[in-house]
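Hi there,

Here is the structure I promised to pass on to you. Have a look at it first, and then read on for what turned up in it.

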Amino acid sequence: MLAYLLKRILLMIPTLAIISVISFWVINLPPGNYVDAFIAQMAGQGQIPDFETRAQMEQMYGVNQPIYVQYFKWITRALRGDFGQSFEWRRPVVELLGDRLARTIAISLVTIVFVYTVAIPIGIFSALHKYSLWDYILTFIGFLGLSIPNFSLALIMLYLGFEYFNMSVGGLFSPEFENAPWSIARVLDFLSHLWVPIIVVGASGTAGLIRVTRANLLDELNKQYVVAARARGMPRRRLLWKYPVRVAMNPVISSAAFILPAVVSGSTITAIVLNLPTTGPIYLRALQSQDMYVAGAFILLLSSLTVIGTLISDLLLAWADPRIRFGGQK
Amino acid sequence: MLEELPNVPANPGRSASLPSAEAALAGAAPTSTVRISRQAEAYYTASQVQLIFWRLRKHRLAMISFFVVVALYLTAIFSEFLSPYDYTARHSQFLYAPPQALQFIHEGEVSLRPFVYGYAMERDPKTLLEMYTRDRTKPYFLTWLPKVEPYKMWGVVELDRRIFGTVEEEGSVFLFGTDSLGRDLLSRILYGTRISLSIGLVGVALSLFLGIMLGGISGFYGGVADVIIQRAIEILRAFPDIPLWMGIAAALPPNWPVIRVYFAISIILALLGWTEVARVVRGKILSLREQDFAMAARLAGVRERRIITHHLLPSFTSHLIVVVTLSIPAMILGETVLSFLGLGLRHPVSSWGVLLQDAQNVRTIASYPWLLIPILFVVLTVLAFNFFGDGLRDAADPYSD
Amino acid sequence: MENVLEVKGLRTHFKFDEGIVRAVDGVDFHIKPQQTLGIVGESGCGKSVTAQSIMRLLPRSANIVGGEILFRYPTGQNRSEIVDLAKIDDESNTMLDIRGGKIGMIFQEPMTALSPVHTIGDQLIEAILLHQPITKRAARDLGIEMLRKVGIPRPEQRIDDYSYQLSGGLRQRAMIAIALCNRPVLLIADEPTTALDVTIQAQILRLIKELQAEYAMSVMIITHDLGVIARMANEVAVMYRGRVVEFADVNTIFHDPKHPYTKALLRSIPKVDAPRTERLSSIRGTVPEPFALVPGCPFHPRCDLAIDGVCNVGAPPALLGVGGNHKVACVLETGEKIEGVMSDVKSIH
C-alpha cells in the first residue's frame with residue numbers, strides 16, 4: 001500500500017509540472033507582455049512612467065528574456081507563494097487569492113459530499129427497482145440535472161428566489177448579515193444561501209453519479225458470486241450490501257476523477273452568476289481585463305486542486321479494491 | 001403460420017467432451033427440421049445494423065429523442081424560413097415586449113385560426129416604467145406562408161414568404177417576446193439553433209479526428225507513444241474544463257472576424273473533448289487486438305493498417321457513434337457557457353449563449369423573464385442527445401439483457 | 001421417505017419477451033443417503049437449472065411452475081421432516097437454513113463465484129456464522145481447519161488471501177471448504193471440474209469422494225463429462241432438453257443403456273484403441289433452439305429409431321421403470337402408448 005502511495009505521489013509531480021506549464025502558457029496568450037499591459041493601465045490613469053522605471057520593470061519581470069527563463073522565474077516565485085501582482089487591483093495576487101480560494105475549496109468539498117450522499121442511495125434504489133415507475137422518474141430527473149447547464153440553473157434559481165420567495169439569492173449572505181458578527185441567525189442565513197450553489201453545482205455531478213452507480217450495480221447483481229453467497233444461506237438484504245453494492249462502489253469511488261473537475265469548474269461559473277465571493281468572479285474579471293498573473297495563478301491553483309483531489313480518490317480506490325493494490329488480475 | 005425451416009445453428013461454446021452435433025456438422029446433411037416462428041427466424045438472420053436498429057426501436061424514449069434531434073437540425077437548416085421575422089430586425093416600438101400567447105377565443109367566439117393580441121402601453125404606477133399589456137381590441141390573425149419582405153435563405157436563395165405571420169400588416173407576433181433592441185426572440189432563437197448545433201458538430205468532428213488518431217496509435221502500437229498519450233489524457237482530464245476554456249478563449253483578439261472566432265471556439269472545445277474519444281478507441285483496440293479474430297488476420301498475413309481499418313474498426317464503430325453522440329451536448333454546453341460569459345461568440349453571430357447574455361442579472365430576469373427561454377432550447381437539445389445516445393449505447397451493446 | 005432428495009415432475013420455465021424457455025420440463029430423480037447421483041447431459045439440457053431450482057437460486061425471470069422437490073430436512077437429533085422445497089418461500093427461515101447449512105453447493109468457475117474484494121476467510125467465516133451459533137474466533141479456527149481438510153497448505157495464512165491470489169485448484173478447494181463447513185447432508189456440485197486442468201480435476205474429484213465418506217453425505221454431481229460420471233456416480237440421470245430420459249445405476253447406464261440418446265452418447269465417446277480410420281460417431285442433427293416447441297419425444301428429430309406418428313406427436317414419453325431402478329422415457333422400451341403399433345411393427349418385420 002505504501003509503495004503504491006509513493007508511486008502515485010511521484011507520478012503526480014510531473015503532472016503538476018505540466019499543469020504549471022500550461023497555466024503559464026495561458027498567462028502569455030494575450031498579445032503584449034505584462035509590462036506593456038501594466039504601463040497601458042497606468043497610462044489610462046494618466047500616469048506615464050518614464051523610461052527608467054519601465055526598464056526597471058522589464059528587468060524585474062524578465063519580459064525580454066527567453067520564455068523558459070520567464071517561466072522559471074514565475075514558477076520558482078509561485079512555489080514560494082508569490083504569484084505576482086495584480087495590476088488591476090494593485091495588490092499581490094496572494095492577497096486576492098487567500099480567502100477566495102479557501103471558500104472555493106470549502107464549497108467544492110461540501111458539494112462533493114452532497115453529491116455522493118444523494119446520488120449513491122438513489123442509484124442503488126434505481127438499480128434495485130429497475131424499470132419501475134420510480135426508476136423512470138429518477139432517471140429522468142437525473143438526465144435533467146445533466147442537461148441544464150450550471151449557469152442556467154443558477155439563473156433560474158435567482159429568478160425563482162426573487163420572484164416567488166422574495167429572498168436575495170445571490171451571494172453568501174443577505175445584505176444585513178454581510179459584515180455582521182457571527183450569530184445563530186447569521187449561520188442560518190449563511191446556510192439558506194449556501195444550498196443554492198450546492199444544488200446548482202452538484203446537479204450535474206449527482207446526475208452522472210446516479211447513472212454510474214445504477215449501471216455498475218446492475219452489472220454486479222448478475223454475477224456469480226452473488227448467487228454463491230445466496231447459496232451459503234445469506235438473506236437477500238444483507239447480501240445486497242455486503243457483496244454487489246460493495247463491489248459496485250469501486251467504480252463509484254474512481255468516478256471522483258471526473259466529478260472533482262466538474263465541481264470545481266461548475267463552481268467557477270456558478271459563482272460568477274450568483275456573485276459569490278469565491279474564485280469565479282475574480283477569474284472572469286482578470287480575463288476580461290487581461291490581468292494575467294491573477295488568471296494564471298487561478299488556473300494553476302484550480303487545476304492543482306483537482307489533480308490532488310484525483311490523487312486522493314485514486315488512493316481511496318486502492319484502499320477499497322485489493323486488486324489494484326496487489327496488481328492482481330481482475 | 002409455421003413453415004418447415006432448415007436447422008438453426010446450436011449454441012456456440014458447447015463443451016467438446018460430450019461428442020455431439022459439432023462433429024456431425026462436418027459430414028452429415030441436415031436432415032431434421034424444427035419449426036420456429038417467423039419472428040424468431042428474422043431475429044436470427046438479421047445483420048448487425050438491423051439488430052441495433054430493432055433494439056433501438058423498442059426504446060421509445062430514444063426514438064422520440066432521435067426525432068427531436070432531427071427536428072432541431074431541420075430547424076437549424078431552415079431557420080430563416082421558419083422565423084416570423086428577420087433575426088436582426090429591430091422593432092423600435094416594441095422594446096422588451098412580453099410574449100404574445102396564441103389565442104383561439106375572441107369576444108366569446110371560437111376562431112379556428114389562431115391569433116394574438118396586440119400591445120397597449122401603460123405606465124406602471126409604482127415604478128413609472130413603461131409596460132406592455134394585452135390589448136384585447138387588437139387581434140392579429142395568423143396565417144400560413146404570408147408574403148413578406150424578400151430575404152435570402154443561407155445568403156443565396158431569395159424567398160419572399162415565411163412559414164407563418166400576421167394577416168394584418170401592422171400586426172406583430174412575438175411569440176417569445178422581444179429583447180432590449182426590439183428583436184423577436186423566437187426568430188433569434190431559431191437562428192441561434194443553427195449556430196449552437198453546428199458548432200457542436202464541428203467540435204465533435206475535430207475531437208473525433210484527434211481522438212481516433214491518438215487513441216488508435218496509443219492502443220495499437222503501445223510502448224512509449226502509449227505512455228505519453230495516456231499521461232496527456234490523464235492530465236487533460238484532470239483540468240477543470242470551464243476555467244481552461246475561459247482562459248484560452250479570453251485570449252482571442254477582439255478584432256478577429258467572426259468566422260475565425262467560430263472555428264477557434266470549436267478548436268478550444270475539441271482540445272479537451274478528444275480525450276473521451278481517445279479513451280474509448282484505445283480501450284477497444286486494446287481488447288480487440290488480442291482477440292482471436294485479429295490474431296487470425298495477422299496470421300493470414302494481412303497488413304497492419306488493413307487490420308485496423310477492416311477488422312478492428314467495424315467492431316467498435318457502434319461504440320464510437322455512441323461516444324460522438326454523447327459528446328455533442330458537452331460541446332454545445334461549453335459554447336453556450338463561453339458565449340454567455342462574453343468570451344465566446346459575438347455579434348452578429350448569435351448562438352443561444354449569446355442570447356443569454358441579455359439575461360445576466362436578477363433585475364433584468366425579474367422584469368423580463370422571457371429572456372430565459374433559450375435555456376429551454378439548450379436543455380431540450382442536450383436531453384434529446386443524451387437520451388438518444390444512451391438508447392443507442394444500450395442497443396449497440398450485445399451483452400446487455 | 002428414505003431418500004435425501006426426491007424430485008418429481010419438476011418444471012421450471014423462463015419468461016422472456018421472445019417467448020418461454022422450458023428449461024426444466026419434467027424431471028424425476030432421487031438421491032439416496034450417502035450416495036452420489038450424477039446428472040449428465042449436453043449444455044442447455046437444464047441440469048444447472050435443476051440444481052438452481054432445488055436451491056431456489058433462480059433468477060427473477062424463472063419460476064418453478066410445477067412438480068415437487070421433497071427434501072429430508074434434518075431438524076434435530078435423528079429427527080427430520082419432509083419439506084417440499086418447490087413450495088416454500090425462498091427467503092423463509094427454513095430455506096435460509098437449508099442453503100449452506102443442510103445443502104451445500106459448489107460452482108463451475110471458482111474465480112467468479114468468490115467475491116473479488118473479500119478474502120476467502122471472510123466468506124468462509126461468514127458461511128460458518130450463518131449456520132452455527134459460535135463466536136467469530138471459533139468460526140475462524142473452524143475455517144482454518146476446513147481449509148486444512150480440503151488440502152490447502154498453510155491455511156492460517158491462506159485464510160486471509162484474496163481469491164485471485166490462489167491458483168485454480170486451490171480456489172476450487174476453498175469453495176468446497178465453504179460449501180461443506182456446516183456439514184450439509186447433500187452437496188450439489190455443478191460442473192465442479194469443467195474449468196480445471198485434467199490433473200487438478202482428478203484431485204478435486206478424489207477430495208469430494210473423501211469428504212463424502214467422512215461426512216456421510218449425499219452428492220449430486222452435474223456434468224457433461226461421462227468420465228466424471230463413471231468415476232463418481234452411484235446412480236445416473238441422463239437429461240435431454242429439460243427432461244430426464246433415462247435413470248439407472250452407473251453400471252447399467254454404461255453397459256445396458258436403453259434410451260436411444262444414452263446409447264448414442266456412449267457410442268460417440270472416442271476410444272483410444274479404435275482403428276485410426278474409423279469415423280467418429282456422432283448424433284446427427286443439433287439441439288433445437290430454446291424457444292422451439294418440439295411435439296412428442298424431444299429427441300425424436302435426431303433419433304434413428306423414431307416412429308412417425310408415435311414419437312413426434314402428443315405428450316413426451318413418461319419415465320417408466322423397465323426393471324429394478326432402471327427407468328427410461330422411450331416408448332420403444334417401455335411399450336407406453338404403442339401396444340397396438342408395436343405388434344404391427346413386429347409383424348411387419
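Let's begin with chain A. Buried residues make up 41% of its 330 residues. Please keep in mind that this is a predicted model. Chain A has 14 helices and 2 strands. Among its contacts between residues at least 6 apart in sequence, 73% join residues at least 24 apart.

Next, how many residues of chain A are in contact with chain C? There are 20 of them, and they touch 25 residues of chain C. On the chain A side, the elements that give two or more residues are α9 (224–231), α10 (236–254) and α14 (322–326). The largest share comes from α9(A), with 6 residues. Sorted by class, this side of chain A holds 9 nonpolar, 4 polar and 7 charged residues.

Chain A also meets chain B through a pair of helices. In general, two packed helices are described by the angle between their axes and the distance between the axes. Here, helix α11 (residues 256–274) of chain A packs against helix α8 (residues 241–250) of chain B at an angle of about 55°, and their axes are 6 Å apart. That angle is why α11(A) counts as oblique to α8(B). If you want to find the spot, α11(A) contributes Pro261(A), Ser265(A), Thr268(A) and Ile269(A), while α8(B) contributes Asp241(B), Ile242(B) and Pro243(B). By class, this contact has 4 nonpolar, 2 polar and 1 charged residues.

Now for a hairpin in chain B. Strand β4 (residues 147–153) of chain B is joined to β5(B) by 4 bridges, and the two strands run antiparallel. Met153(B) stands opposite Val157(B) in β5(B). There are 3 residues between the strands of this hairpin, and Trp154(B) takes a positive phi near 55° there. Is strand β5 (residues 157–161) of chain B mostly buried or in the open? Of its 5 residues, the number buried is 0, so β5(B) lies largely in the open.

Why does Ala395(B) count as buried? The cut-off is 20 or more other C-beta atoms within 10 Å, and Ala395(B) counts as buried because it has 21 C-beta neighbours inside that distance. Have a look for Leu56(B) too: it is 339 residues from Ala395(B) along the chain, yet their C-alpha atoms are separated by 5.3 Å.

Enjoy exploring!

Best wishes

Technical notes:
Residues are numbered from 1 along each chain as its sequence is written. Chains are lettered from A and ligands numbered from 1 in the order in which they are written. This is a predicted model: local features need pLDDT of at least 70, side-chain atom pairs count only at pLDDT 80 or more; totals for chains, interfaces and linings use all residues. Two residues are in contact if their C-beta atoms, placed from the backbone, lie within 7 Å. Ala, Val, Leu, Ile, Met, Phe, Trp, Tyr, Cys and Pro count as nonpolar, Asp, Glu, Lys and Arg as charged, and the others, Gly among them, as polar. A residue is buried if 20 or more other C-beta atoms lie within 10 Å of its own, exposed if 12 or fewer, and partly exposed in between; C-beta atoms are placed from the backbone. Axes are lines fitted to C-alpha atoms, for helices over the stretch in contact, and angles run from 0 to 180 degrees between N-to-C directions. Angles under 35 degrees count as roughly parallel, over 145 as roughly antiparallel, 65 to 115 as roughly perpendicular and the rest as oblique. Two strands pair if DSSP finds at least two bridges between them.
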